[in-house]
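Here are my notes on the model you sent. Please read them with the structure open.

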Amino acid sequence: MDNKIIAVIIAVIVVVIAGAFLLNSSSDTVTIGYLPSDHDAALFVADAQGKFQENGINTKLVQFNNGGDLMTAMASGDVDIGYVGITPVLSSISSGVPVKVISAAQVEGSGIVVASDSGISSASDLAGKKIATPGEASIQYMLLQYYLKQNGMSVDDLKVSAMKVPSMNDALKTKNIDGMITFEPYVSIATANGANLLADSADILPNHPCCVVVASDKFIDEHPNETQTILKIHENATDFINDKIAEGKTSEVVDLLPADIVSNKDTEADSLESFPFLSGLDDSYKQDILDFMDLEVDLGVLKQPLSPDKIFYQ
């Protein structure tokens with residue numbers, strides 16, 4: 001056979017194989033876990049605006065009840081990327097789950113809310129009361145521990161139970177619980193419905209890190225370009241949110257959020273404006289996480305500190 005013909009055949013085969021590889025690569029689905037919270041607004045905005053698809057990334061968004069459940073899914077390899085609280089992330093890394101924090105998402109944004117007729121107006125009034133949390137693996141549970149310790153108490157002084165966050169407000173209304181520590185927008189929803197805010201997490205622990213973006217080590221190693229693209233998408237969505245809030249156009253962000261989070265557009269706008277949204281991993285934010293980690297060690301949430309290379313992507 002003529003050498004030129006052989007060369008052409010080989011070239012065609014190479015092109016076909018390369019095309020098949022690219023087709024298979026582009027059809028891979030990135031599974032992103034999240035919580036029913038507007039802390040994850042950057043994810044919702046990016047998804048609603050079609051930014052993942054624009055960049056050739058097929059995504060599957062999966063909701064979890066709490067950060068502990070989400071991190072369990074990451075440990076089993078069912079989730080590639082997660083928008084989740086820093087407390088379950090640190091606990092998971094400490095337990096050997098191979099994940100890294102790749103970006104900040106927001107800070108603060110939680111609160112202790114009590115029924116208006118509960119008789120609770122101070123930390124000491126919580127003694128013996130039924131208080132719901134998203135679960136012991138959550139950052140809210142850790143904040144409750146810290147708040148009580150600062151006031152000479154512990155969770156043993158309360159009747160603490162785990163509950164799905166979207167169910168807490170109904171439980172508060174029906175007097176099945178006396179109070180709750182939860183994340184936004186459920187703090188704003190509760191107070192809009194007449195409940196009292198006992199303590200905002202901004203007052204409990206100012207500027208504390210809350211939700212972060214994490215990725216499995218496997219995803220980072222096998223998809224470095226996609227990881228960088230996802231980080232850029234997150235940054236752009238965060239900038240969009242902050243710009244709209246600064247312009248007094250928060251409603252445009254609200255319109256991009258999932259319906260199951262937005263109970264009332266005005267209440268949701270108030271929630272979004274109540275805590276800062278962030279992206280990236282600068283030295284200051286990393287130090288905030290390390291300081292937060294040390295606090296968790298003091299509280300017994302973590303057995304020992306983790307080295308920065310175990311926590312951070314870059």
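**Notes on the predicted model**

1. Start with a helix pair. H5 and helix H14 (residues 283-299) pack with their axes 11 Å apart, at an angle of about 75°. That makes H5 roughly perpendicular to H14. On the H5 side, the residues at this meeting are Ile-86, Thr-87 and Leu-90. They meet Ile-289, Phe-292, Met-293 and Glu-296 of H14.

2. A word on confidence. The model is predicted. Mean pLDDT for the protein is 92, and 91% of the residues reach 70 or more. Residues 3-27 have pLDDT below 50. Beyond near neighbours in sequence, that stretch has five contacts in the model. Where pLDDT is low, the predicted coordinates should not be read in detail.

3. Ile-32 stands opposite Ile-81 in S3.

4. The model has another open sheet of five strands, ordered S7-S6-S8-S5-S9, with mixed pairing. S7 (159-162) and S9 (196-200) are its edge strands. Each of these has a single partner strand, so one side of each lacks a neighbour in the sheet. Neighbouring strands here are turned by 25° against each other on average, direction ignored.

5. S5 (residues 110-114) and S8 (residues 179-183) pair in the antiparallel sense, over five bridges. In S8, Phe-183 is the bridge partner of Ser-110, and Thr-182 is that of Gly-111. S5 also pairs with S9, again antiparallel, over four bridges. There Gly-111 stands opposite Asp-200.

6. Is S5 mostly covered or open? It is mostly covered: five of its five residues are buried. In a regular strand the side chains alternate between the two faces of the sheet. In S5, Ser-110, Ile-112 and Val-114 point one way. Gly-111 and Val-113 point the other way, and all are buried.

7. Now the helices on the sheet that holds S5 and S8. Helix H6 (residues 139-150) packs on it, touching S5, strand S6 (130-133), S7, S8 and S9. The direction of H6 makes about 125° with that of S8. Helix H7 (residues 165-173) also packs on this sheet, where it touches S5, S6 and S8. For H7 the angle with the direction of S8 is about 150°.

8. Check Gln-106, in the loop between S4 and S5. Gln-106 is buried, with a relative accessible area of 0%. What does Gln-106 touch, not counting residues up to four places away in sequence? The contacts are His-39, Pro-209, Cys-210, Cys-211, Phe-275, Pro-276, Phe-277, Leu-278 and Tyr-285. The Gln-106 side chain reaches the backbone nitrogen of Cys-211 at 2.6 Å. Tyr-146 is 40 residues from Gln-106 along the chain, and their C-alpha atoms are separated by 20 Å.

9. Last, helix H13 (residues 265-272). Its buried residues are Thr-267, Glu-268, Ala-269, Ser-271 and Leu-272. What covers them includes helix H2 (41-48), helix H8 (186-192), helix H11 (224-246) and helix H12 (250-254). Asn-264 caps the N-terminal end of H13. A side-chain oxygen of Asn-264 lies 3.0 Å from the backbone nitrogen of Asp-266.

Methods: Residues are numbered from 1 along each chain as its sequence is written. This is a predicted model: local features need pLDDT of at least 70, side-chain atom pairs count only at pLDDT 80 or more; totals for chains, interfaces and linings use all residues. Side-chain values use heavy atoms; hydrogens and water are left out. Two strands pair if DSSP finds at least two bridges between them. Helices (H or I, at least four residues) and strands (E, at least two) are DSSP runs, numbered from the N terminus. Axes are lines fitted to C-alpha atoms, for helices over the stretch in contact, and angles run from 0 to 180 degrees between N-to-C directions. Contact means heavy atoms within 4.5 Å. Buried means under 20% relative accessible area, exposed over 50%, partly exposed in between (1.4 Å probe, protein chains only). A polar contact is a pair of N or O atoms within 3.5 Å; within protein, one must be able to donate a hydrogen and the other to accept it, and residues adjacent in sequence count only if both atoms are side-chain atoms. pLDDT is the predictor's confidence in each residue, from 0 to 100. Angles under 35 degrees count as roughly parallel, over 145 as roughly antiparallel, 65 to 115 as roughly perpendicular and the rest as oblique.
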